[in-house]
Amino acid sequence: MSIISLIIKREFIAKVRNKSFVVMTFLSPLLFVAIAVFIGYLSTMKAETKRIAIHDETGLFAADFLKENKKSAEFKYLNLSEIDVKALKDSITKENFNGLIVIPKTNDAKDLESKIEFISNNSPSISFVENTQDIIASKITKLNLQSAKLDTLAIQKAQSKVNIHLVKASGEESLKGLNEVKIGIGGAFGYLIMMFIIIYGNMVMRSVIEEKTNRIIEIIISSVKPFQLMIGKIVGTSLAGILQFTIWAIIGLSLMFTASVFFDVNVGTTAKIPPVLMQSAQHDFSGIIQMGLREAWNLPIASILIGFVIYFIGGYFLYSSFYAAIGAAVDNQTDSQQFLLPILMPLILSVYIGFFTVVNDPHGTVAVVFSMIPLTSPIVMLMRIPFGVPWWQIAISVSLLFATFFLVVWFAAKIYRIGILMYGKKPTWKELYKWLKY
Amino acid sequence: MSNLLEVHKVVKQYGDYVALNEVSLNVPKGSIYGLLGPNGAGKTSLIRIINQITLPDSGEIILDGEKLQPKHVQTIGYLPEERGLYSSMKVGEQCLYLAQMKGLSKAEAKKQLDYWFDRLGIQGWWNKKIQELSKGMAQKIQFVVCVLHKPKLLILDEPFSGFDPVNANIIKDEILALKEQGSTIIFSTHRMESVEELCENIALIHKSNKLIEGKVADVKRQFRTNSFEVGILTNNVEGLMYDITQKFTVSPASFKSLNDDLKLNIQIGNATPNELLNVLTQRGQVTHFVEKIPSINDIFIQTVTENKV
C-alpha cells in the first residue's frame, strides 16, 4: 500500500471512529427533524382567543367585525355599542377584554379616517392593527362608493386579478410563490457547505496541531514527506466528511420519499400542479406540504447533490490547506485565532451574498461574479444551482476553484514543511512570509 | 572497516544563523557512534538532515556507499529526543501504522511486533491507548517502533531519558544486541558514562563545528596529559619533593588508599614513566602508580570551555 493511502486510511478511521462523528452523523438529522416538527407544531397551535370589545356609535362597522368571528378563532369581537364608552374603558381590565375599538359618531365619513381609537392595556400586534384598519377602510370605501352613487357590483366586476404562470425556457413549469423551496434548499446546502468547511477544516487543523504537540511529527516525517502527510490528512478527513454527507443525503431523500408517499405526491413526474390544488394550497396546510414536495422533486436533485460534492471537495480542499498551514504554524489552538479570522471572512461574506443577493436576483452580476471567485464560489454557486445555472458558468467556476486549490496547496505545503518543526513561539505574518521563501 | 555513513562538509543555515558549518563525519559499519555536543551545538540539525527531514544547503551524505536518497528512510530507524505517539490510538494499531510507513508489509510488521512485544514482555499492551500508559511504558513502545524494520542505521537521541535503571539496562542490552546483529548505531546523549560504556567512536560538535572525531581510545590518547597518580611511603618528604620538583610538575592528589601514604599528581611532560619511577623508588616505597586517563566527560568539558569564544 502506498504511503499516502496509508495516511488517508489512518486519518479516515481516526475521524470516523471518533464518538462525536458518530453522534453528529446520526443525531443531527434527528435533531433537525425534531426541530422542524416542533416549529410546525408551534405554528399550528391555536392561539388564545382574544376578546375585543367594539363601541360603534355609527352602527356601520360592528356587523363587519362580527363577520370576522366566523373566519378565525383568533379574535372574538363583541358588539357593545350600547354601553357607555367611559364605562367600557373602566371595565377593560375587569371584564378581561384584550382591547376596545371606539368608533365615534361623525357627520362626515372622511372624519372617521383619523378618529377611530383602539384602547388596550398592552400594545396590539401590527397585524391586528393592519387587519382592523383594512376592515374599516374597505367599509368606508364601500360607503363612499355608495354615496357617490356608483354601482359597487359593476366595480367589483371590473376589478381583475392576474395570476402569472412562471415557465422556464426548458419547458418545466414552476410555481410562483414556491421559489421559497429553491431558496430554502439552496440556502440549506450553502450553509451546510460552510459548516462542513469550518468543521472539517478545524479537524484538519486540530490533527496537525495534535501531531505537533505530541511530537510524533518528527517520527512521521522521518518516514514520509511533509507534503504527503498534509495531502493524506486533508483527503482522509474529507472522505469522512463525504461519508457523513452521504448518510445525511440518504436519510434526507428517504424522508422526502416517505413524506411524498404519505401526502400522495407522484414521485418522478413533472406534471403540472392541478389548479384545484393551487387553490386549496392557499388555506390547507397539507396542500402546502404537497406542493412543496412536488416542487422539491422537480428540482434538479441530482445536479444539486453532485454540485454539493464537487464544491464541497473543492472548497474544503482549498480552505483546509489554509487550516493545515495554520495548524503547522502555531503550537496550540488559542494561537490560531489570529490567523483564522481572514479565512472565516470570505465564508461569512459568501453566506451573506447567498442569502441577500442570490435570493433577490440569482442571475445578477453580483451573484454571478461571486459564484466565480474561488473563495466564495463553493457557497454562492451552490445556492444558485437550484435556480438553474448555465453549464459553462459552472465549468469556469469549478476550474477556477481547483486551479486556486493547487496554488494554495503549494503555498500551504511550504509553510507546513517549516512550521511543523518550529516549536515554542507563535509566528508573525512576516515570519510566515519568510517561510514561503525558504 | 568501511563506513556505513559518511557526512561530507555539510552546511545548514537558518536565515543568518549557521547551524552546521562544513561538518564531516565517518561512522564505521557495525559500531556504536557517540554524537556529543552541548545544547544547541547542531546535533539535532545534523540528525534531521541524515533522516531527510530537512535538506542540507551544501555538502553530501553517503549511506552504505550510495548518495542519500528518499528510499533510504526505510533503512534508518530514528528515536527523536522529543518523544511522542498518537495519544488516543491503540498501541498495536499505532505500531502497525508506523511500521508500514517504514515500508513493512502488514503481515511482516505484525510478526516483528509480536517478536518485540514478547521480548520486552509487553504483550498485554496491544489494545491499550498510549494515554493509558506511563511515560516509561510509552518510551518502550517508541523504542520498538524505531527498531521494528531492522534498520541498518539506528539513530538514538537520548535513548535512556525517562527510564528507570532497570528498564534503562534492558534498553542498553537491546542496543548491544542490535549492534551484534550488525546494526550501526548513532547515539546522541549528554550522559557521558553511557558513552564511555557503549561507544567505540565519538564525535564532538560545538558551535556548529565538529571539533573532535575518532575512536574513543585515540581521542583519549590525544587528550592524555602524561600525568600519573602516585602513592608513596617515605620518611623524607622534603627530600622526595625536592627531587621530583626538579624534573616534574607536582600537585596534591586524593584517591582512596589503605596506606598512610603521600598522594601526588605528577605531570611528567616529555619524560618516560620509568624516569619518574626511578626517582620515586630511590626515596621510598611506591604503593600506587596509575596514569591519569581523561574521561570523556573531562574531554567534553575541556573542549567546550576552551572554545567558548
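**A predicted model of chains A and B**

Biologist: What share of residues 183-204 of chain A is helix, and how far apart are the end C-alpha atoms?

Modeller: In this predicted model, residues 183-204 of chain A are 100% helix and 0% strand. The end C-alpha atoms of that stretch lie 31 Å apart.

Biologist: Which feature does UniProt list for that stretch?

Modeller: The unreviewed UniProt entry lists residues 183-204 of chain A under "transmembrane region".

Biologist: What about residues 391-413 of chain A, helix or strand?

Modeller: Residues 391-413 of chain A are 100% helix and 0% strand, with 33 Å between the end C-alpha atoms.

Biologist: How many helices and strands does chain A have?

Modeller: Chain A has 18 helices and six strands. Of its 438 residues, 31% count as buried. Among contacts in chain A between residues at least 6 apart in sequence, 74% join residues at least 24 apart.

Biologist: In what order do the strands of the sheet in chain A lie?

Modeller: Four strands form an open sheet in the order 2-1-3-4, and the pairing is mixed. From one strand to the next, the twist averages 25 degrees.

Biologist: How many bridges link strand 1 and strand 2 of chain A?

Modeller: Strand 1 (residues 50-56) and strand 2 of chain A are parallel and share five bridges. As one example, Ile54(A) has Asn79(A), in strand 2, as its bridge partner.

Biologist: Which strands does helix 3 of chain A touch?

Modeller: Helix 3 (residues 62-71) of chain A packs on the sheet and touches strand 1 and strand 2, at about 145 degrees to the direction of strand 2. Helix 4 (residues 85-94) of chain A also packs on the sheet, where it touches strand 1, strand 3 (99-103) and strand 4. The direction of helix 4 makes about 165 degrees with that of strand 3 of chain A.

Biologist: Turning to chain B, where does UniProt place the "domain: ABC transporter" feature?

Modeller: The unreviewed UniProt entry places that feature at residues 5-232 of chain B. The span is 33% helix and 30% strand, and its end C-alpha atoms lie 49 Å apart.

Biologist: What is the strand order in the open sheet of six strands in chain B?

Modeller: The order is 6-7-8-3-9-10, with mixed pairing. At the edges are strand 6 (76-79) and strand 10 (209-215) of chain B. Neighbouring strands are turned by 15 degrees against each other on average, direction ignored. Strand 3 (residues 32-36) and strand 9 (residues 201-206) of chain B run parallel and are joined by four bridges. Tyr33(B) has Asn201(B), in strand 9, as its bridge partner.

Biologist: Which strands does helix 10 of chain B lie across?

Modeller: Helix 10 (residues 296-306) of chain B lies across strand 3, strand 9 and strand 10, at about 25 degrees to strand 9. Helix 4 (residues 135-147) of chain B lies across strand 6 and strand 7 (153-157), at about 165 degrees to strand 6.

Biologist: Last topic: how many residues does each chain bring to the contact?

Modeller: Chain B brings 17 residues and chain A brings 14 residues. Helix 2 (residues 91-101) of chain B gives the largest share of the chain B side, with four residues. That side has ten nonpolar, four polar and three charged residues.

Note on methods: Residues numbered from 1 in each chain as written. Chains lettered and ligands numbered in written order. Predicted model: local features only at pLDDT ≥ 70, side-chain atom pairs only at ≥ 80, totals over all residues. Pairing = 2+ DSSP bridges. Helix = DSSP H or I, 4+ residues; strand = E, 2+ residues; numbered from the N terminus. Axes fitted to C-alpha atoms, helices over the stretch in contact; angles between N-to-C directions. Contact = placed C-beta atoms within 7 Å. Nonpolar A, V, L, I, M, F, W, Y, C, P; charged D, E, K, R; others polar. Buried ≥ 20, exposed ≤ 12 C-beta atoms within 10 Å, placed from the backbone. UniProt positions renumbered as here; feature names shortened; annotations may be inferred.
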